[in-house]
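Visitor: I am new to this structure. Please show me how to read it.

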Amino acid sequence: MSDNLPRRQVLRTAGAIGLSAAAAGALQQTASATSSTSSSASEGIGHGRLEISKKVFGRTPAGEQVDVYTFTNGRVTISMLTWGATLQRIETPDRRGRKKNISLGFDNLEDYAALSPYFGSTVGRYGNRIAKGQFTLDGKTYQLPINNGPNSLHGGTIGFDKKVWQAKVVRTDTAIGVTFTYVSPDGEMGYPGKLTSTVTYTLDKANRLNIDYHAVTDKATVLNLTNHVYFNLGGEGSGSIDDHILQLNAPAYTPVDATLIPTGQIAPVTGTPFDFRRPTAIGARIRDDHPQLVIGRGYDHNFVLGEAGKDGVRLAARAWEPDSGRSVTVHTTEPGVQVYTGNFLDGSFQGIGGKSYRQGDAFCLETQHFPDSPNHPNFPSTVLRPGQTFRSTTTFTFGTI
Ligand code: GLA
């Protein structure tokens, strides 16, 4: 596994998350377990030319054109929509070179607009939930739209996933991709401040999909940007991900109440089905009698990641599918990752390959600040003020074992 990530400064770092010495020790174990696992792995190198093309994908009901950009390094091929700066397809080879799309999605805009549970979306302003859609900042209380039980989810009813972003091709000697920009007006979805977000997705020759987030505001606000790609490394529509192996660099997680809002506790994973510090099948304990698995209908939890290196980047996760050998490794500057096992997929619609998606047919690794942080002073802050620049980087590295 390559740790050779671009060095980036994050203005908003993880902050104090109060891990115990025991948790830190467990983390070190995880780091060595991860490197020994990866020594037998091959990430491969894309030997082809870096290429990008653009086509019209569709039109919104308001008549706005939506484009699809497809970029490749010859080995991995990514398609992205200007609708929601959405990862529509990720095609990667298995250990014998056979390529499949490993990301859930649709082949038409209507389904994205009407059905999508955030398939591949760039999520904002605030990834995951804010309790009762309320938070207080600098003495003023803000009310967001309620769109998930009693809470506000993923930026409200019309979040960044449902906006058409401006796109610009970026190309260097070693990477190709697209910079997406969206300017959210002051007060949109109840959030204060005009927020200008720029998210650059680039694929490099080492099969790394880098996602660089950048945002500035003209009033104090809160934000939590992420991407909500759903993976099935056996190929989208190929069935359950129970047999996928997952390893998380996470000594703790944030338990939730019945509406999936964190209780505020930072709970060690030791001795629970949430301990993925050693590689474990996702399905191995998902049906255990654990109250948090009942509330989540499976895994739908924020994991507290191990500390970052000097460059601000931490290893978050590694997952692979034993039959095909396809793997994905996640590095991030974010302090948390939401592990979601597609618990709300119910087979009621078909995806891009014509197969319906059912509960447990995919998993998400949404790198993020913790859910409902504006209401939990003990969580790393999600406040952004005028004059500050929000920067965050997540890298998905595609390979095989
Ligand atoms: C996140 C949430 C889940 C679910 C999905 C979208 O992962 O934590 O509860 O809402 O988004 O379907």
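Visitor: How many residues surround the ligand, and which are the closest?

Guide: A residue is near a molecule if one of its heavy atoms lies within 4 Å of it. Here 14 residues surround the ligand. The closest are R129, H154, H228, D300 and E366.

Visitor: What kind of model is this?

Guide: This is a predicted model: local features need pLDDT of at least 70, side-chain atom pairs need pLDDT 80 or more, and totals for chains, interfaces and linings use all residues. Residues are numbered from 1 along each chain as its sequence is written, and side-chain values use heavy atoms, with hydrogens and water left out.

Visitor: Which polar side-chain atoms lie by an oxygen atom of the ligand?

Guide: Take N or O atoms within 3.5 Å as a polar contact; within protein, one must be able to donate a hydrogen and the other to accept it, and residues adjacent in sequence count only if both atoms are side-chain atoms. D300 has a polar side-chain atom 2.4 Å from a ligand oxygen. For N128 the distance is 3.0 Å. For an N or O atom in the side chain of Q338, it is 3.3 Å. The protein covers 95% of the 310 Å² of accessible area that the ligand has on its own (Shrake-Rupley method, 1.4 Å probe).

Visitor: Is N343 buried or exposed?

Guide: Buried means under 20% relative accessible area, exposed over 50%, partly exposed in between (1.4 Å probe, protein chains only). N343 is buried, because its relative accessible area is 3%.
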